[in-house]
Amino acid sequence: MSAPGVRLPIDLRPVNERLRIFSGIQPTGRKHLGNYIGAIRQYVEGQDRGEAIYCIVDLHAISVAYDPVELRERLYDTAAILLAAGVDPERCIFFRQSDVREHTELTWLLSAVTAHGDLNRMHQFKEKSAKQRELVSAALFFYPVLMAADVLAYRAHEVPVGDDQRQHVELMREIARRFNERFGETLVVPEHRIPPVGARIMDLQDPTSKMSTTGGSEQGTVYVLDEPDAILKKFRSAVTDSGREVRRGPGKEGISNLIEIISVARGVDPEEIEREFEGAGYGDFKKAVAEAVIDYLAPVRERYAELRPDEAELERVLAVGAEKARAIASEVLADVRERMGFGPARG
Ligand code: AMP
Ligand code: TRP
């Protein structure tokens with residue numbers, strides 16, 4: 001027994017314990033090339049690097065106007081896209097956020113160590129609240145706390161995300177630190193993992209703004225499930241610049257974006273692409289990018305078509321994942337509750 005007030009440290013990462021990776025993705029269904037390159041690609045790779053945990057964040061989806069029937073449909077779409085991309089329930093924990101109630105409970109508990117001022121500074125809140133036509137919900141404001149709970153409930157070490165989530169990961173680190181300071185070492189302070197190439201894929205029609213489901217242009221957004229014809233058209237009409245050199249640089253946002261895209265799709269360095277297309281015209285280059293992306297996404301689209309119709313099977317997969325997730329999160333929650341003074345003290 002320890003003396004009253006003295007906290008035994010919880011062993012946060014015993015030697016030899018595997019790297020634990022956690023990420024979440026919204027059930028919007030229409031996943032685009034930015035999501036694929038910035039995030040989904042990293043999820044698949046993560047399965048080889050550590051213990052990977054991925055969840056579809058349906059609770060986050062209700063922070064803006066939504067339709068319950070649609071939500072369920074889009075959740076299945078998203079699940080099938082991830083599975084088609086190579087997220088493998090045999091090699092990771094793959095589940096639906098709302099199935100694991102610990103996320104919601106931890107959100108409230110963490111709100112006690114979250115600064116209101118920090119939430120007020122979140123870029124995503126400012127952007128999304130400015131766009132809401134009707135209600136700006138408290139859920140939208142609280143979104144980053146739920147996201148912190150997602151990760152901290154698993155004591156994950158690493159969070160693969162695109163560049164736009166940098167500030168949210170910074171905040172969850174701050175929340176974990178403040179919790180540990182206030183209640184004793186309990187939570188892991190996670191690190192983001194943002195890919196060096198492709199962390200911010202830009203809209204093809206407006207290469208100064210990021211490709212996005214909301215706010216972007218239809219013609220400038222390549223969806224994972226787009227048919228080859230559509231992909232070709234979108235790249236053909238991609239906005240470039242008045243120059244003629246296929247290389248990255250200031251004033252060349254459009255071409256720089258295309259170089260990043262093709263280099264990820266082909267699995268080579270951007271420098272190699274610049275060398276290969278030295279002296280080539282923009283037209284030929286755009287066509288090559290389109291072809292690389294078509295080849296890159298075709299297997300995903302085909303596999304998706306096989307998986308999506310079987311909703312019972314998707315439910316089964318998600319239920320197995322939720323059970324595994326709960327087993328981890330419930331233990332962390334027991335520690336958190338005890339440290340915060342809820343329930344009887346544990347010996
Ligand atoms: P969401 O669909 O909003 O849940 O986003 C899923 C993941 O995709 C997050 O990790 C984002 O950071 C990432 N992401 C979203 N848009 C882009 C983009 N244009 N380029 C790279 N990554 C992105
Ligand atoms: N906010 C993230 C996004 O929009 C999704 C998300 C929710 C997430 N919970 C998470 C990402 C936990 C990483 C870890 O993309």
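Which side chain does a polar contact of 2.7 Å join to that of Asp150? In this predicted model, the partner is His103, whose side chain is joined to that of Asp150 by a polar contact of 2.7 Å.

Asp150 belongs to helix 7, which covers residues 138–152. Asp150 is buried and yet takes part in no salt bridge. The nearest side chain of opposite charge is that of Lys128, 12 Å away. Leaving aside residues up to four places away in sequence, Asp150 touches Phe22, Val57, His60, Gln97 and His103.

The cysteines form a second topic. A disulfide is a covalent bond between the sulfur atoms of two cysteines. The structure contains zero disulfides. Cys55 is in none, and the nearest cysteine sulfur to its own, that of Cys92, is 11 Å away. Seen from Cys92, the closest cysteine sulfur is that of Cys55, and the 11 Å between them is too far for a bond. Cys55 counts as buried, with a relative accessibility of 1%. Cys92 is likewise buried, with a relative accessible area of 6%.

On the scale of the whole chain, the protein is divided into domain 1 (16–193 + 310–340) and domain 2 (228–306). The C-alpha centres of domain 1 and domain 2 are 31 Å apart. Contact between the domains involves nine residues of domain 1 and nine residues of domain 2.

Conventions. Residues numbered from 1 in each chain as written. Chains lettered and ligands numbered in written order. Predicted model: local features only at pLDDT ≥ 70, side-chain atom pairs only at ≥ 80, totals over all residues. Heavy atoms only, no water. Disulfide = S-S within 2.5 Å. Buried < 20%, exposed > 50% of the residue type's maximum accessible area, 1.4 Å probe, protein only. Helix = DSSP H or I, 4+ residues; strand = E, 2+ residues; numbered from the N terminus. Lys, Arg positive; Asp, Glu negative; His and termini not counted. Salt bridge = Lys/Arg side-chain N within 4 Å of Asp/Glu carboxyl O. Polar contact = N/O pair within 3.5 Å; in protein donor to acceptor, adjacent residues only side chain to side chain. Contact = heavy atoms within 4.5 Å. Domains from an automatic or database assignment.
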